[in-house]
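Colleague: Could we go through the pockets of this model together? I would like to start with what lines them.

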Amino acid sequence: MAKFRLMAPGPAMIPEQVYRAMTEKVIHHRSNEFRTLVQEVEEGLQYIFQTRNKILIFASSGTGGMESAVANLFSPEDKVLVVQAGSFGERWTQICKNYGLSVKTIDVEWGRAVNPKLIEQRLKEDKEGKIKGVFTTHTETSTGVETDMQEIGKIVAGYNALLICDSVSGMACCNLETDAWQIDVVVSGCQKGLMTPPGLSFVSLSESAWKAHKKAKNPRFYFDYATALKFMEGFSTPYTPAISLFYGQREALRMIKEEGLPNVLARHERQARATRAAVQAMNLSLFSINHANNVTVINGPDGVNVDEMRERILHKYGIYLAGGQDSLKGKVFRIGHMGYCDAMDIISTISALDITLTEMGHIFNQTQGIKAAEDILKEE
Ligand code: PMP
């Protein structure tokens with residue numbers, strides 16, 4: 001018997017209370033009871049997004065939220081700038097191209113964060129102010145890198161472009177101050193730091209974003225922001241919502257509020273630091289340079305097949321670790337420590353790695369990783 005632990009960078013583990021909340025009876029979405037539920041979910045999200053903006057809620061995965069931003073804020077042939085530092089930056093490019101936008105990219109070596117000055121340089125070069133949007137990824141889940149959104153916010157605020165941020169994996173794990181950092185559009189999803197089974201996406205929009213929406217000609221229907229806002233003003237949704245997920249999300253948001261966002265972020269920082277220290281003490285190297293605190297991406301050690309290692313750990317210890325994405329397939333493995341993750345989840349994961357890597361012939365000082373993690377985790 002092995003207890004299942006989903007140590008992936010999303011979907012991530014779900015608290016028992018959230019599962020229980022989702023067994024509530026399905027109510028009607030035009031009832032007062034549902035409106036109260038939506039209002040509480042929106043208030044909880046505003047606390048975590050650190051915004052006073054209204055937040056639109058869609059029944060979709062995070063990618064749906066991303067697509068909604070492109071569909072609602074731009075027109076074909078609009079010029080936009082996309083920061084590509086991994087798989088999710090590339091997804092922005094793909095969506096923008098599919099909608100006929102004219103895309104220029106800033107290509108960043110995988111494992112590193114974009115230098116905000118490069119964004120400034122591109123915006124400066126655009127003398128006629130044609131660039132209408134800058135697309136970014138708060139935490140690049142494929143590489144384990146956090147982007148300096150605060151600095152980018154300061155830069156983009158001086159230009160006529162919207163700043164759009166995918167915080168599908170970063171939200172409630174790494175600090176993101178939507179209003180203070182002047183991020184026009186923040187997209188997230190419920191299944192990572194927000195501790196709810198997959199299926200909801202969230203979009204926060206600034207006043208400038210709403211102005212852009214009025215002029216945007218890209219086609220849309222289900223994701224139309226004006227329609228969504230009209231209903232959200234009455235704490236409802238235009239179409240049948242994922243009612244059970246709202247119950248789950250409300251419970252998860254209550255838990256985050258109770259712990260306090262600063263403590264939640266500090267816990268992520270501590271667990272990420274413990275994980276990084278542990279793997280380095282095990283003679284493993286980190287893939288990323290600018291580390292995010294929600295996922296640790298680790299280079300596969302020489303002579304060890306990482307995917308076989310992940311299989312063994314899952315089979316024997318019930319711990320699911322993620323593999324690499326795209327060009328990193330078979331080269332790295334990823335430990336997600338996001339949302340509902342505690343110190344013992346980290347220790348168990350490091351211990352499973354310690355035993356399995358030893359069995360697979362990797363040479364290192366056994367138990368040193370566990371000690372390194374413990375030294376940091378006990379700071380709590
Ligand atoms: N952006 C980032 C940074 C992500 O980590 C993910 C999910 N892995 C997505 C976007 C896409 O979200 P979804 O799979 O929910 O569509």
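Colleague: What is the lining of the largest pocket like by class?

Modeller: By class, eleven nonpolar, nine polar and seven charged residues form the lining of the largest pocket. Here Ala, Val, Leu, Ile, Met, Phe, Trp, Tyr, Cys and Pro count as nonpolar, Asp, Glu, Lys and Arg as charged, and the others, Gly among them, as polar. Please note that this is a predicted model, where local features need pLDDT of at least 70, side-chain atom pairs count only at pLDDT 80 or more, and totals for chains, interfaces and linings use all residues. Residues are numbered from 1 along each chain as its sequence is written, and side-chain values use heavy atoms, with hydrogens and water left out.

Colleague: Which element gives the most to that lining?

Modeller: Helix α7 does, with four residues.

Colleague: And the second largest pocket, which element gives the most there?

Modeller: That is α3, with three residues. The class counts for this lining are nine nonpolar, ten polar and four charged residues.

Colleague: Let us turn to Ser68. Where is Ser68 found?

Modeller: Ser68 lies in helix α3, residues 62-73 (helices are DSSP runs of H or I, at least four residues, numbered from the N terminus).

Colleague: Buried or exposed?

Modeller: Ser68 is buried, because its relative accessible area is 0% (buried means under 20%, exposed over 50%, partly exposed in between, with a 1.4 Å probe and protein chains only).

Colleague: Which residues does Ser68 touch?

Modeller: Leaving aside residues up to four places away in sequence, Ser68 touches Phe58, Val203, Phe223 and Tyr225, where contact means heavy atoms within 4.5 Å.

Terms used
Helices (H or I, at least four residues) and strands (E, at least two) are DSSP runs, numbered from the N terminus.
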